[in-house]
Amino acid sequence: MVFKNFEEIISGTALVIVLAIVIFNVFMRYIFSISFNWAEEIATMGFVWTVFLGTSACYKRGMHIGIDIIIHFILNSLERLMELGTGILLIVANAYLTYLSWVFSIAAWVSPRQHF
């Protein structure tokens with residue numbers, strides 16, 4: 001059951017972390033006039049995990065908006081071909097995004113950090 005809903009669990013956990021950290025940082029800023037820089041970074045990372053894994057969960061459950069009327073008019077053989085093309089396009093796009101995230105992570109790790 002846990003592995004069946006893996007995306008939802010991680011996405012929901014990331015959303016709870018984002019909300020808790022943002023509320024904490026706002027509370028500290030307005031009550032004690034202290035703001036933590038790390039809170040924004042963690043909230044951004046959590047938001048990214050929420051969006052990407054939420055998107056994955058929606059795709060898994062068929063909840064994305066599609067052009068169903070066009071799909072219904074296409075023959076079964078063309079429909080299978082379109083599904084294959086969509087799968088290949090998703091694999092290529094995800095591979096490219098993985099490459100870009102790797103390059104971005106390496107660049108962020110190597111670049112000197114500025115502390116304010």
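So, let's start with Lys60 and Glu7: these two form a salt bridge, and their closest N and O atoms sit 2.8 Å apart. By salt bridge I mean a side-chain nitrogen of Lys or Arg within 4 Å of a carboxyl oxygen of Asp or Glu. Before I go on, this is a predicted model, where local features need pLDDT of at least 70, side-chain atom pairs count only at pLDDT 80 or more, and totals for chains, interfaces and linings use all residues. Residues are numbered from 1 along each chain as its sequence is written, and side-chain values use heavy atoms, with hydrogens and water left out.

Okay, where are those two in the chain? Lys60 is in helix 2, residues 37-60, while Glu7 is in helix 1, residues 6-32, so the pair links distant parts of the chain, 53 residues apart. Helices here are DSSP runs of H or I with at least four residues, numbered from the N terminus.

Lys60 comes out at 39%, so it counts as partly exposed, and Glu7, at 16%, counts as buried.

Now, Lys60 has another partner: its side chain also meets Glu8 in a salt bridge, 3.6 Å from N to O. Lys60 is in helix 2 and Glu8 in helix 1, so this pair ties together parts 52 residues apart in sequence. Glu8 is partly exposed, at 25% relative accessible area.

Glu8 has a salt bridge with Arg61 too, at 2.6 Å from N to O. That one links helix 1 to the loop between helix 2 and helix 3 (68-73), with Glu8 and Arg61 53 residues apart. Arg61 is partly exposed, at 45%. Because these salt bridges share partners, Glu7, Glu8, Lys60 and Arg61 end up joined in one network. How many salt bridges does a search of the whole structure find? Three.

Last bit, helix 1 itself. Helix 1 has 27 residues and reaches 38 Å from its first C-alpha to its last, close to the 39 Å expected; that expected span is 1.5 Å times one less than the number of residues. Its buried residues are Glu7, Ser11, Ala14, Val18, Ile21, Asn25 and Met28. An α-helix has 3.6 residues a turn, so residues three or four places apart point the same way. Helix 2 is among the things that cover the buried residues of helix 1. And just after helix 1, Ser33 takes a positive phi of about 60 degrees.

Terms used
Helix = DSSP H or I, 4+ residues; strand = E, 2+ residues; numbered from the N terminus. Buried < 20%, exposed > 50% of the residue type's maximum accessible area, 1.4 Å probe, protein only. Contact = heavy atoms within 4.5 Å.
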